[in-house]
Amino acid sequence: MTVNGSVALVTGGNRGLGDRFVRALLEAGASKVYAAARDPRKVTAEGAIPIALDITDPAAVRSAAEQAPDVTLLINNAGTSSGASVLDGDLDAFRTDFETHVLGTLAVSRAFAPVLARNGGGAILNVLSVLSWLALPDAAGYCAAKSAAWSVTNALRVQLAGQGTQVSALHVGYMDTDLVAALDVPKSDPADIARIALEGVDKGLHEIVADDISRQVRSALSAGVEALYPQSAH
């Protein structure tokens with residue numbers, strides 16, 4: 001997959017990492033970039049094509065696929081963060097996270113899979129998280145949804161290989177976006193993350209591990225539960 005000359009669609013393309021993806025794609029030479037958002041009037045990147053899309057609305061998903069029949073690169077970026085904790089979090093908040101990160105991402109991928117096939121295979125990039133691999137009790141809804149989205153991404157990779165569609169996953173920690181503006185923690189520049197991710201797509205990487213914390217957590221996976229959760233060791 002080559003980003004230069006591609007026709008891309010970015011969900012959640014009006015702000016945060018999504019907006020940076022739209023701008024990075026245009027800078028990288030994408031021939032057309034659809035910036036999808038619930039309110040397309042909020043798309044500000046010059047040169048992008050705004051398109052209305054709520055990924056939790058099946059009719060909106062179908063409509064987006066009909067309006068963008070030339071897509072060769074789909075970036076599933078739209079997301080939510082309910083802040084639902086494992087014991088006290090509202091179950092409806094858990095459902096919102098799953099409806100967006102898991103079922104919404106799956107619905108958009110299903111809708112655009114035949115579009116990509118008709119256009120030669122192309123690629124899908126799913127924006128996941130270091131929290132696909134690590135659970136935080138105070139953000140259990142988001143973590144569980146991202147973990148499930150990682151599983152869906154792997155299934156899509158296997159299923160779509162036959163039609164020549166490359167499926168990549170982006171794993172990243174905190175970024176300097178509205179979503180975590182209140183957190184006083186080290187954050188990556190989302191413009192840098194968008195650039196790293198697109199370079200990974202160009203290289204055909206299955207998993208794009210974009211920052212140090214994601215690399216550290218991935219390296220700990222093989223060491224077992226105690227390495228990821230030392231407080232659980234006896």
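I take helices to be DSSP runs of H or I with at least four residues, and strands to be DSSP runs of E with at least two, numbered from the N terminus. On that reading, the chain in this predicted model has seven helices and seven strands.

**Entry 1, the chain as a whole.** I read the order of elements along the sequence and wrote down the pattern β-α-β-β-α-β-α-β-α-β-α-β-α-α. I then looked up the radius of gyration, which is 17 Å and close to the 17 Å that the globule rule gives for 234 residues, so the chain is as compact as a globular protein of that length. For the extents, I noted that the C-alpha atoms fill a box of roughly 55 × 35 × 30 Å, taken along the principal axes.

Two packed helices are described by the angle between their axes and the distance between the axes, and I looked up both for each pair below. The axes of helix 1, residues 16-27, and helix 5, residues 190-203, come within 8 Å and cross at roughly 55°. Helix 1 and helix 5 are therefore oblique to each other, and I recorded their crossing as right-handed. On the helix 1 side I listed Leu17, Arg20, Phe21, Ala24 and Leu25, which meet Pro190, Ala191, Ile193, Ala194, Ala197 and Leu198 in helix 5.

For helix 2, residues 58-67, and helix 3, residues 91-118, I noted axes that come within 9 Å and cross at roughly 25°. Angles under 35 degrees count as roughly parallel, and that makes helix 2 roughly parallel to helix 3. I recorded the crossing of helix 2 and helix 3 as right-handed. Val61, Ala64 and Ala65 in helix 2 meet Ala107, Val108, Ala111, Phe112 and Val115 in helix 3. The residues of this contact divide into eight nonpolar, no polar and no charged.

Terms used: Residues are numbered from 1 along each chain as its sequence is written. This is a predicted model: local features need pLDDT of at least 70, side-chain atom pairs count only at pLDDT 80 or more; totals for chains, interfaces and linings use all residues. Side-chain values use heavy atoms; hydrogens and water are left out. Axes are lines fitted to C-alpha atoms, for helices over the stretch in contact, and angles run from 0 to 180 degrees between N-to-C directions. Angles under 35 degrees count as roughly parallel, over 145 as roughly antiparallel, 65 to 115 as roughly perpendicular and the rest as oblique. A crossing is left-handed if the near helix is turned anticlockwise from the far one by less than a right angle, and right-handed if clockwise. Contact means heavy atoms within 4.5 Å. The radius of gyration is taken over C-alpha atoms; the globule rule is 2.2 Å times the number of residues to the power 0.38. Ala, Val, Leu, Ile, Met, Phe, Trp, Tyr, Cys and Pro count as nonpolar, Asp, Glu, Lys and Arg as charged, and the others, Gly among them, as polar.
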